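Me: I want to go through this chain with you, piece by piece. Please look at the sequence and the structure first.

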Amino acid sequence: LDWWIGRTGSSLEAGPRTRIIAELALEIKSSPQETKAIFNGATHCPAPLSDPEAELAEALYGRPLTHPDMPSPVALEYPDWMDRSLKTLWPERLAVEMSALNQPAPVDLRVNTLQSTPDAVRQSLKDDYIEVEPTPLSSIGLRLTGKARLAGSTAFKKGWVEVQDEGSQLIAQLTGARPGMKVVDFCAGGGGKTLALAAAMGTDGAIDGRLWACDISDYRLERITPRLNRAGADNVRIKVIAALDDPWVNKNAGRMDRVLADVPCTGTGAWRRDPDARWRASLDSLDDMIVAQQRILNMAQTLVKPGGRLIYATCSLLQEENERQFAWFLENHTDFMPLAIDQVWAETVGGPPPPTGPCLRLSPASTGTDGFFCAVMEKG
């Protein structure tokens with residue numbers, strides 16, 4: 001809309017009123033007369049059009065919403081400052097990948113294997129007139145095939161399912177948590193992956209608090225408790241940690257079999273679920289994220305015991321937050337070695353992995369999931 005407003009040569013700047021005028025003309029296909037009738041100054045209606053606004057409505061009427069002259073960030077709706085990074089990542093697939101991020105996301109469910117099985121949950125949902133299908137990659141995932149009131153279903157009330165994107169489920173599975181291990185979800189947030197890890201470890205697998213959900217925000221961690229109770233996951237300990245030099249982290253250095261660092265990021269891979277996020281991010285915020293991610297990795301790696309694994313994950317598409325951070329970590333922590341993701345996939349998820357390199361990349365266009373990155377490193 002802003003591109004079209006500027007292209008008309010109008011003296012008006014892009015703003016709420018001019019964007020509405022542009023949307024009416026370009027997308028709704030309202031004629032100048034119809035737009036003028038809407039802007040009539042009556043109760044609950046916008047003030048009448050000024051002469052320049054009326055000229056704008058006239059100039060835009062009949063034009064297509066998209067135009068071949070639009071640069072990629074305009075046509076595909078992403079910030080200008082991401083252009084170089086995204087074109088480097090997808091030199092041939094940029095339009096396909098970014099267009100998929102502009103489509104609505106499906107609703108995926110993770111079956112809570114502490115309480116039920118995929119077949120039993122599917123039948124229970126069917127009894128409640130909710131249709132689902134198996135997710136393509138996660139063996140414990142189900143995808144809604146239509147709109148549904150999930151919260152009223154028996155399966156949801158009993159804690160048999162959690163809403164979780166298939167990509168997020170896969171990150172938890174790639175962590176490789178098993179009964180008897182000591183596992184840390186280092187940036188637990190609201191606890192989605194914590195719940196998945198708890199289910200993988202079983203009711204007998206994390207006795208005495210072998211699974212910890214950590215975060216620097218007690219507010220975020222408080223949201224985990226009711227979810228844990230509903231899921232029957234009583235094997236999780238919640239720990240608020242300091243952003244720097246935390247005593248608990250220091251005390252438990254070198255003790256953990258698995259540490260999942262699903263770090264804060266720009267969230268570019270989840271734009272389908274939060275479209276406005278693309279305009280809230282900035283180059284400065286990316287720089288801040290990179291610094292925070294490196295700080296978190298430096299803390300998290302101290303917890304890993306020899307032979308244990310550090311799993312680095314983001315819901316970002318940007319190489320600055322993914323491959324470059326992975327390379328930075330290996331360069332600065334030579335006691336860790338990268339594991340081929342297809343090997344880890346075979347051990348944890350099973351079946352053939354999606355086409356990928358040494359690390360896992362998921363995206364709406366390539367895998368039908370949110371965008372995720374995952375790298376697995378083992379401590380020597």
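Me: Where is Asp-245 found?

Reply: This is a predicted model, where local features need pLDDT of at least 70, side-chain atom pairs count only at pLDDT 80 or more, and totals for chains, interfaces and linings use all residues. Residues are numbered from 1 along each chain as its sequence is written, and side-chain values use heavy atoms, with hydrogens and water left out. Helices (H or I, at least four residues) and strands (E, at least two) are DSSP runs, numbered from the N terminus. Asp-245 sits in the loop between strand E7 (236-240) and H14.

Me: Is Asp-245 buried or exposed?

Reply: Buried means under 20% relative accessible area, exposed over 50%, and partly exposed in between (1.4 Å probe, protein chains only). The relative accessibility of Asp-245 is 60%, so Asp-245 counts as exposed.

Me: What phi does Asp-245 have?

Reply: Most residues other than glycine have a negative phi. Asp-245 is not a glycine, yet its phi is positive, at about 50°.

Me: Where is the place of Lys-29, and what is its relative accessible area?

Reply: Lys-29 belongs to the loop between H2 and helix H3 (32-38). Its phi is positive too, near 65°, in a residue other than glycine. Lys-29 is partly exposed, with a relative accessible area of 44%.

Me: Which residues is Thr-18 in contact with, leaving aside its neighbours within four places in sequence?

Reply: Thr-18 is part of helix H2 (residues 16-26). It is buried, at a relative accessible area of 5%. Contact means heavy atoms within 4.5 Å. Setting aside neighbours within four places in sequence, the contacts of Thr-18 are Ile-5, Leu-12, Glu-13 and Leu-56.

Me: How many residues of helix H10 are buried?

Reply: Helix H10 covers residues 166-175. The buried set includes Glu-166, Gln-169 and Gln-173.

Me: Which residue caps the N-terminal end of H10?

Reply: The backbone nitrogen of Gly-167 has a side-chain oxygen 2.8 Å away. Just after H10, Gly-176 takes a positive phi of about 75°. The residue that caps the N-terminal end of H10 is Asp-165.

Me: What relative accessibility does Ser-363 have?

Reply: Ser-363 is placed in the loop between strand E11 (360-362) and helix H19 (364-367). Leaving aside neighbours within four places in sequence, its contacts include Trp-90, Glu-97 and Leu-317. Ser-363 counts as buried, at 3%.

Me: What does helix H16 reach from its first C-alpha to its last?

Reply: H16 (residues 283-301) has 19 residues. Its expected span is 1.5 Å times one less than its number of residues. The reach is close to the expected 27 Å, at 27 Å.

Me: Which elements are among those that cover the buried residues of H16?

Reply: Those buried residues include Leu-286, Ile-290 and Ile-296. Among what covers them are helix H17 (323-332), strand E9 (304-314) and strand E12 (372-379).

Me: What share of the residues in the chain is buried?

Reply: The chain holds 19 helices and 12 strands. Its C-alpha trace spans about 75 × 55 × 40 Å along its principal axes. Of the 380 residues, the buried share is 49%.

Definitions and conventions: A polar contact is a pair of N or O atoms within 3.5 Å; within protein, one must be able to donate a hydrogen and the other to accept it, and residues adjacent in sequence count only if both atoms are side-chain atoms.
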